[in-house]
Amino acid sequence: MAEQKRFKPFIADDARVKEFTVKSIVMGSIFGIIFGAATVYLALKAGLTVSASIPIAVIAITLGRRFLKTTILENNIIQTTGSAGESVAAGVVFTLPGFLFLSDPESASFFNYMTILTLAIFGGILGTLMMIPLRRSLIVKEHGILPYPEGTACGDVLIAGEKGGDFAKTAFWGLGFAFAYALLQKVFHVVAEVPHFMTQQANKYFPSARVSGEITPEYLGVGYIIGPKIGGVLVAGGVFAWLVAIPLLASLVPPEVIAAQQVKLGYMANMTAVGGKGGWDPVAKTFTDYSAAIYYAYIRQIGAGAVAAGGFITLIKTIPTIISSFKGSISSLKKSKDAGDNVIPRTERDLSIKIVGIGSLVLILLMTVLPQVPGDSIASKLLLGILVIIFGAFFVTVSSRIVGLIGSSNNPISGMTIATLMGTCLIFIAVGWTGKAYEPMALVVGGMICIAAANAGATSQDLKSGYIVGATPKYQQIALFIGVIVSSIVIGLTVKFLDQPTAAMLQADPTMKHAIGSAAYPAPQGTLMATLAKGILSFNLDWQFVLVGVFLAIVMELCGIKSLSFAVGAYLPLSTTLPIFIGSAIRGIVTWKKLKKDESLAEEEELGKGNLFATGLVAGGAVAGVVVAGFAGFDTTAAWLASVNAEHGISKSLGQGGYFILGTLFFAFICYVLYRVAMKKDKNLSTPDTNQPRM
């Protein structure tokens, strides 16, 4: 293969530009805290996240140039430090809530702040640590081969900001618009949160069919960003669950059988107890809401099987990439070691390989001795540490290579986590560790690998951005370590805060101990990981429902549909996937309209006005959600929120149907604004198209 022409970064190697400064680290840490908290909220609600790198870069450019006089390299450090918060938060929320759903109720004690903090920091550091020796082989040697779409786009954002432009204004408009809408919806309740329509169980044509939508700006923005292909498949899963499976089961399964299944799953104490999911009445032997009752009794388990199979199928499809990644990385490492650089240019200075070895040994040691890590002996904890390093080294390499080819949004992290969790469980079984006592230990390994793989993907994109703009790699790597630690502190606090039931939740269910796992924060991935750990180690999985989900995913693949997206849609409430689909449909309409005018405009760029406004909607809506949840957590502010709640007055005047229509009109207005913004001609774009849907 002919040697590639040497790449010239935006800032030359011999240039002396401010980079690793106190203000850049502080700003980046603040963004990591904000976007980490917002990601926790969004991932718990919808099981979805969006990349934080580009919005952080946009905001950093705007604030930095105007108030802090930051350089392009300082802005790169800001977005590098800040993006660690989003990736670590995703890994934490996708796995660690599983502690709440394991066989032994005592396992919930591991879902404490110190354990979450410890595992978040360890997993995040592991992801960055393992990327140190891989940067030169994957980012440098394969520049032009591995595009790293988000990293390239973010580098283009930083360069465009350095050259000038007003594109950041669009993102801030979206953020402000979403925040104002969220105030009307979550504080004053002028806008209905979840308008819905449901047929009665007695309906002989279509019983207990429910259409609903949580009409929030963050879901609309997520839908626009991921685009119509993924958005359509997501809502298809929801339509299957809520308009096909639930009405069918409502026609065939007696209410007593549904109630017995809920008792088996722990949603009710016994058949004579009032309540459970869907409002069981033991006297009348009926449910208030049959759709919710069937969803929790059967659909979630079918969805869990589909998600597990979809993750595995995605992983299997990337095996060729995995093999070439592993071979290529090892080969490149050997070549770079043989070359032996005497004078290392500034743009090629990584942290020492010794730090990787020492850091790995320290991680194993800390996992062995710290009480926050589950385990009944030093030997068992030592095995956990060794498994984490082995799986981590492999899947960090895999994660980085895959995101280099197809982008972070398509990185099959769930498949890697499932593979890790099942591999760990099989190793446990081989050494005779079976039963509920070992479920938390298996979840620790899966959780840390999920966090490490997520952070490795984000780290790779950050290092690609740095390579394009001419950053110093070791400063980026140090910034990532700082970002992981700082954001983990707040991520743990946010998770625990959102897990506290609000006064309204306790009023509806006085026995509720955890908000996570409820309708407010379903935490789909965490539930799935717990279900797998229990099923393998405790042998109590309802395999008949899980296998239905597995073959549902296989059917989707045979039809040429991405099974993982469909499975996630089937697992989540339709109220989540429907507004996401609406956002993606707007993206599709915008693309179609632009295609009619000019084929070159068919695919919107990352810096397009629609993408930037949608990013602002996601950030503004998610941040507002965290703020309002914070106010609801204190008695004084909760009482004030109740006093300004206008829902009762509006519903009394317009009726519930009128209230829902009013909310739908507000949502239609924000949809129209998004469409109008997206259709405006972009004046500041000169970057190549690197659009990738995010999920």
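The model is predicted, so local features need pLDDT of at least 70 and side-chain atom pairs count only at pLDDT 80 or more, whereas totals for chains, interfaces and linings use all residues. Residues are numbered from 1 along each chain as its sequence is written, and side-chain values use heavy atoms, with hydrogens and water left out. The protein has 24 helices and 4 strands; these are DSSP runs numbered from the N terminus (helices: H or I, at least four residues; strands: E, at least two).

**Overall features**

- Of the 695 residues, 59% count as buried; buried means under 20% relative accessible area, exposed means over 50%, and partly exposed lies in between (1.4 Å probe, protein chains only).
- The protein exposes about 27,500 Å², of which carbon and sulfur atoms supply 67%; accessible areas come from the Shrake-Rupley method with a 1.4 Å probe, and for residues only the protein chains shown count as cover.
- Among contacts (heavy atoms within 4.5 Å) with a separation of 6 or more, 82% join residues 24 or more positions apart.

**Nonpolar cores**

- A nonpolar core is a set of buried Ala, Val, Leu, Ile, Met, Phe, Trp, Tyr and Cys residues joined through side-chain atoms within 4.5 Å.
- The largest core holds 133 residues, and Val92, Phe428, Val495, Ile516 and Tyr521 touch the most other members.
- Helix α15 (residues 439-469) gives the most to this core, with 15 residues.
- A second, separate core of 23 residues includes Ile246, Ala259, Ala297 and Ile299.

**Buried positions in helices**

- Leu129 lies in helix α4 (residues 113-131) and counts as buried because its relative accessibility is 3%.
- Beyond its neighbours within four places in sequence, Leu129 is in contact with Ile355, Val356, Gly359, Ser360 and Phe481.
- Leu129 and Val396 are 267 residues apart in sequence, yet their C-alpha atoms are 9.5 Å apart in space.
- Helix α20 (residues 563-571) is mostly covered, with 9 of its 9 residues buried; among them are Phe566 and Tyr571.

**A nonpolar surface patch**

- Ile358, Val362, Leu365, Leu366 and Val369 make a nonpolar surface patch of about 430 Å².
- Val369 is found in helix α12 (residues 353-369) and counts as exposed because its relative accessibility is 53%.
- Patches are made of residues with over 30% relative accessible area and no salt bridge, like charges being joined within 9 Å and nonpolar side chains (Val, Leu, Ile, Met, Phe, Trp, Tyr) within 5 Å.
- A salt bridge is a side-chain nitrogen of Lys or Arg within 4 Å of a carboxyl oxygen of Asp or Glu.
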